[in-house]
Amino acid sequence: MMYSLLFLGLTVAVYLLAKKLYVRSGKIYCSPLIITPLIMIGILLLSGTSYESYNAGGKWLSDLLQPATVAFAIPLHKNFKVLKKHAAEIAAGVLTGTVTAVLSSMLLAKWLHLSGDLATSLVPRSVTTPIAMSISQNIGGVPSITAVFVILTGILGTLMGPSVLRLFRIDNEIARGVSLGTAAHGTGTSKAFELSSLTGTISSIAMILTALFSIGLAPALLAVFLH
Amino acid sequence: MNNIAKGLLQIAGLTVFSMSVNALTPYLHIPIPGSIIGMILLFLLLESGIVRLSWVEAGASWLLAELLLFFIPSAIGVMKYTRLLEADGLQVLAVVVVGTFAVMACSGVLTGAIYRIKERRGL
């Protein structure tokens, strides 16, 4: 118990330091989402601590994702007018993104000769974790491996996000929010909130729509394209 | 009441709210997690004026500002899968990077295009 509290405190401390470093340097590879896990994995490996005993304390942080998701209601309420005005392009963008996510995961995994289990587990990778895991279960993937792919997608998406937005000149808040939220769920949304409150709200809506569209579309697309 | 106490109290309130919705969700038999149902519920309560913005705003903005912190334990969880990533890591990385690039570009470009068309037509 003492041990897990110690690691919990250490995680928060390293996160706060990393956040300071990130704000000061502005370098994307200094993101707390990169530095904190790397340092903590190093500490756990050196001290011979298993992930299970780390997570006895760490899960308290993961549990806060629930009230944090509920908290999206506040920016949603504040920006509801803008959201209604742009409902059509948001829905169209997310739908296209969802289909792209499912097809690209499936076809790329096939071309790179990944095993069927891995390929299926990759399909829901741009969906927020709890829903991604249940989709994975439905289509015959391995939910816990899907969870790993979801967090990898989140980290890489947050890293790549700003460059992709620049490269394709995606410069309005609505399109940026859709892009980040559809491709990189909650972590993309936290990047979007760095850009502006409206971008973050659009991103959280995009994240939820991606999850809902994926529940319906992933099994169907999988059936059509794998047979 | 000072700001820190207010923020903490609101976070506690949001946590209790999300836990209660979570406990009730299984009875609804829909494949949507409780936290998203809780979000929709709180949104409706705010829109209808039953819950005032000032009751939840401070706690909510703290939770959203530290969103990344709550993903860190699952990011550390990747360490459990070193064997898998050693064997197929490069291919997995390629799928994730290329796929994410495609999703970002397609969804962002299309949204931006429709946005500009609507704007030009004065909608």
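This is a predicted model: local features need pLDDT of at least 70, side-chain atom pairs count only at pLDDT 80 or more; totals for chains, interfaces and linings use all residues.

Q: Where in chain A do A:Tyr3 and A:Phe7 lie, and is A:Phe7 buried or exposed?

A: Both residues belong to helix H1 (residues 2-25) of chain A, where four residues, about one turn of the helix, separate them. A:Phe7 has 4% relative accessibility and counts as buried, whereas A:Tyr3, at 48%, counts as partly exposed. The two rings also belong to one aromatic cluster, formed by A:Tyr3, A:Phe7, A:Tyr51 and A:Tyr54.

Q: Which kind of aromatic pair do A:Phe72 and A:Phe193 form?

A: The pair of A:Phe72 and A:Phe193 is stacked, with 6.2 Å from centre to centre and 10° between the planes. This pair links distant parts of the chain, 121 residues apart: A:Phe72 is in the loop between helix H4 (65-71) and helix H5 (73-78) of chain A, and A:Phe193 is in helix H11 (residues 173-195) of chain A. A:Phe72 is buried, at a relative accessible area of 3%.

Q: How many salt bridges does the structure hold over all chains, and where do A:Lys19 and B:Glu66 lie?

A: The structure holds four salt bridges over all chains. One of them is between the side chains of A:Lys19 and B:Glu66, at 3.0 Å from N to O. A:Lys19 is in helix H1 of chain A, and B:Glu66 is in the loop between helix H3 (53-65) and helix H4 (72-76) of chain B, so this pair joins two chains. A:Lys19 counts as partly exposed at 25% relative accessibility, while B:Glu66 is buried at 12%.

A second salt bridge is formed by A:Lys78 and B:Glu57, at 2.4 Å from N to O. Since A:Lys78 lies in helix H5 of chain A and B:Glu57 in helix H3 of chain B, the pair joins two chains. A:Lys78 is partly exposed at 47%, and B:Glu57 is partly exposed at 27%.

Q: What separates A:Glu194 and A:Lys191 in helix H11 of chain A?

A: A:Glu194 and A:Lys191 are three residues apart in helix H11, about one helical turn. Their side chains meet in a salt bridge of 3.0 Å, N to O. A:Lys191 counts as buried at 8% relative accessibility, whereas A:Glu194 counts as partly exposed at 43%.

Q: How is the size of an interface often given, and what area is buried between domain 1 and domain 2 of chain A?

A: Interface size is often stated as the accessible area lost when the parts come together. The domain assignment of chain A gives domain 1 (2-63) and domain 2 (73-225), whose centres, taken over C-alpha atoms, are 25 Å apart. Five residues from domain 1 and six residues from domain 2 take part in the contact. About 500 Å² is buried between the two domains, and carbon and sulfur atoms give 76% of this area. Between these domains there are zero salt bridges, but two residue pairs are in polar contact across the interface.

Notes:
Residues are numbered from 1 along each chain as its sequence is written. Chains are lettered from A and ligands numbered from 1 in the order in which they are written. Side-chain values use heavy atoms; hydrogens and water are left out. Buried means under 20% relative accessible area, exposed over 50%, partly exposed in between (1.4 Å probe, protein chains only). Rings of Phe, Tyr and Trp (its six-membered ring) pair if their centres lie within 6.5 Å; planes under 30 degrees apart count as stacked, over 60 as edge-to-face and the rest as tilted. Domain bounds come from an automatic or database domain assignment. Contact means heavy atoms within 4.5 Å. Buried area is the accessible area (1.4 Å probe) that two parts lose on being put together, summed over both. A polar contact is a pair of N or O atoms within 3.5 Å; within protein, one must be able to donate a hydrogen and the other to accept it, and residues adjacent in sequence count only if both atoms are side-chain atoms.
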